[in-house]
Amino acid sequence: MRKINLLMVAASALLLASCGGKSGGRPNFGDNEYPVVTVGTKSASSQATYPASIKGVQDVQISPKVGGFITKIHVKEGQAVGAGQTLFEIDNVTYQAQVRQALAAVNTAQAQCNTAKLSFENSKKLFENKVIGDFELQSATNQYESAKAGLAQAQAALASAKEALSFCYVKSPAAGVVGTLPLKVGALVSAASVLTTVSNISTMEVYFSMSEKEALEMSKSGNGLASLPAVKLQLSDGSIYGHEGKVVKMSGVIDQTTGSVQMIAQFPNPEKLLKSGGSGNIIIPHDNNSAIVIAQSCVMEVQNKKFVYVMGKDKKVRYTEIKVAPQNDGNNYVVTDGLKVGDQYVTNGITKLKDGMEIVPITPERYDKKIGEQVKEMSAGEIIEEVKKATK
């Protein structure tokens, strides 16, 4: 039983070594045989994740057009409101007085206009009967025109006063949901004050940034935003939002500070679960039907660069840098550059190889079989020594 356990430990240790573990070695076959596979393609799925902020499709800051004290607040935080609904009232005593004054001026101007009209009509009849001359008729005409102009001016002043009074009733310009109410009744406000925000949250816009390189690759595809699949939204609690979204906008300017491009995705919000000002992550899936996928155990990483040993026709290996997709499943890499279909690369024992070294290629199955054969032929002492070497 002890020998069986030792054999199992040794086999595990040798497999660890053969995959580039701590010992960096491989079973000593007494030859130069290494497992080699030919690069092919397969379907691979990955996803890219981007931090995002959530806003309503229309977030409108509500500010008054006139200054004064808040006298009434007609809504509550989170309340749904319609376009044109009154949200706040501002002290309007002064503006009401201006309306009454303007109305009195209109009445006065109207009376003057009526008098001037009667005088003009009377002068016109007298002129037709040749009782008065051109001068008297022209004077009556001028007075009437002046009275009409005075009336129009008074009416304009009244309209302006009424408009100023209407500004005291702050209304929502759009349908949506009321945000926070930082100011209370009695607060003095001006045209620069922000009373609240009304957000249209029937559809939400989710803002995120994509690197310049990613945006350039997408633009080169020829389809632009249409080439992007439906995206998902991961909420702040880690759950995935129940509706998929679509990327609909891309900024035409690259942020020189971050080297990124702002993107906007839209998501339906029928349950009103998403709130303006929230945060999350945009998830963009990528499906590749002709991806080059290799095991991470075949790859050496040096100073954030990744390398594999590629075997040439002369059976010599070349230390070759590769580039991989930033997302991976923890076991495999999707190679984006450095390998092509038909290339042959070494899968095990890579820490024992050197650039330009000539090898004898074998299949991974043959390699695993030789490991098993060697373990069976080892004595208990040899097994213990191999275990020590493999676990140092």
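Biologist: In which element is Thr108 placed?

Modeller: Thr108 belongs to helix 2, where helices are DSSP runs of H or I with at least four residues, strands are runs of E with at least two, and both are numbered from the N terminus. The model is a predicted one, in which local features need pLDDT of at least 70 and side-chain atom pairs pLDDT 80 or more, while totals for chains, interfaces and linings use all residues. Residues are numbered from 1 along each chain as its sequence is written, and side-chain values use heavy atoms, without hydrogens and water.

Biologist: Why is Thr108 called partly exposed?

Modeller: Its relative accessibility is 44%. Buried means under 20% relative accessible area, exposed over 50%, and partly exposed in between, with a 1.4 Å probe and protein chains only; Thr108 is therefore partly exposed. Across the sequence, Thr108 and Leu151 are 43 residues apart, yet their C-alpha atoms are 8.3 Å apart.

Biologist: How many helices and strands does the protein have, and what share of its residues is buried?

Modeller: There are 6 helices and 19 strands, and 35% of the 392 residues count as buried. Of the contacts between residues at least 6 apart in sequence, 75% join residues at least 24 apart, a contact being heavy atoms within 4.5 Å.

Biologist: What makes Phe120 and Tyr144 a stacked pair?

Modeller: Rings of Phe, Tyr and Trp (its six-membered ring) pair if their centres lie within 6.5 Å, and planes under 30 degrees apart count as stacked, over 60 as edge-to-face and the rest as tilted. The centres of Phe120 and Tyr144 are 5.6 Å apart and the planes stand at 15°, so the pair is stacked. This pair links distant parts of the chain, with Phe120 in helix 2 (residues 93-128) and Tyr144 in helix 3 (residues 134-166), 24 residues apart. Tyr144, at 14% relative accessibility, is buried.

Biologist: What is the geometry of the pair formed by Tyr309 and Tyr319?

Modeller: With 5.2 Å between centres and 40° between planes, Tyr309 and Tyr319 form a tilted aromatic pair. Tyr309 is in strand 15 (residues 305-311) and Tyr319 in strand 16 (residues 317-324), so the pair ties together parts 10 residues apart in sequence. Phe307 joins Tyr309 and Tyr319 in a cluster linked by ring pairs.

Biologist: Which residues lie nearest the centre of the largest pocket?

Modeller: Glu217, His286, Ala325, Pro326 and Thr336 lie nearest the centre, among 28 lining residues. Elements giving two or more residues to this lining are strand 2 (42-62), helix 4 (212-220), strand 13 (279-295), strand 16 and strand 17 (332-337).

Technical notes: 1 Å grid on protein atoms, 1.4 Å probe; cavity = no way out; pocket = protein on both sides within 12 Å on 5 of 7 lines; lining within 4 Å.
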